[in-house]
Amino acid sequence: MEVLILTRSDKHKADDGGYCVAGINLQNNQWIRLVGPHYHFKIADAEAIYEDGTLCEPFDVVEVDAEKIDSQKRIECNAHGWGNGFTEQYPENLLSIQPENYIVRDKFKLVRKASIDEVMHLGIVSDDEYIYKDDTTSLSIEDAIECNKSLVMVKVEDLELYPKEKYDEDGYQAHYRARFKYKGHQYDGLSVTDPDYDAAKTDFQGLKFGETYLIMSVGEEYRERHYKIIAKIFETVYTIENNTYGFFHAFSDCKYLEKYKDSVIYALWDDMVADGMGQCKECEKNYLS
Ligand SMILES: [Zn+2]
């Protein structure tokens, strides 16, 4: 199957690698999480590194040999192993909590690169009233089972990342935390596992964003809770096809975009800035500083 990867965040990272890889199955536009026959069912370098030695990234479209983990597959593989000599037991309630999981049988093969514009046209942005049932940071096991999904893309407002206090002596820095608004509901204290915002490698005290889309995942059980995790942050901006103006718009409702409705394309903030572009004056006024 072909999968458009939207997140490759850290999961039990060790010498053999360790990632949570998820995205969209392009055959049916459904969410899919790829899991591997390794410790805690993580994806390891064995799957995620291509023949040419590079590591898979968001927006890669990959060809994957994978099988859905359904009730029968779980029973069969728990009894006889998941391949690769791997015999960890897959909990029954994960069938309901992470129904998107597919077990990967081989290395990913890169097919092509997709763009944020293609992603935004897949129609995958959630319209649910809440992000996983309520406005809290975690679900009870019962609620996670009832939720029956663990991958979603949402548009949020006023996203702000802030560092969590360092653990004493060793200076270990936990993941950044995030607060934002979604459909008028305030969320706070969510953990960010997007490797582009790795608290151990960056030193900012706080970051605020304009229009932002998040890939949110429901994690494995931790102290009888399932935490809502921000696995990927897309700071999306807008340009007009054949952007001769040389600037982008941070907000989709910018009045300068209105008359170009049919030719508006999505882009990533970082890409535009790297290309030497700045945002339009009108958007600049609205932007959080
Ligand atoms: Zn603008």
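## The sheet

Seven strands make up an open sheet with mixed pairing, and their order is β5-β6-β3-β2-β1-β4-β7. Strands (E, at least two residues) and helices (H or I, at least four) are DSSP runs numbered from the N terminus, and two strands pair if DSSP finds at least two bridges between them. At the edges lie β5 (66-68) and β7 (109-113), each of which pairs on one side only. From one strand to the next, the twist averages 40°; axes are lines fitted to C-alpha atoms, and angles run from 0 to 180 degrees between N-to-C directions.

Strands β1 (residues 2-14) and β2 (residues 17-25) run antiparallel and are joined by eight bridges. Ala14 stands opposite Gly17 in β2.

## Basis of the model

The model is predicted: local features need pLDDT of at least 70 and side-chain atom pairs count only at pLDDT 80 or more, while totals for chains, interfaces and linings use all residues. Residue numbers start from 1 along each chain as its sequence is written.

## The two domains

The domain assignment of the protein gives domain 1 (2-120) and domain 2 (125-289); such bounds come from an automatic or database assignment. Their centres, taken over C-alpha atoms, are separated by 23 Å. The contact takes 18 residues from domain 1 and 22 residues from domain 2, where two residues are in contact if their C-beta atoms, placed from the backbone, lie within 7 Å.

On the side of domain 1 that touches domain 2, at least two residues each come from β1, β2, β3 (30-35), α3 (94-97) and α4 (116-120). The largest share of that side, four residues, is supplied by β1.
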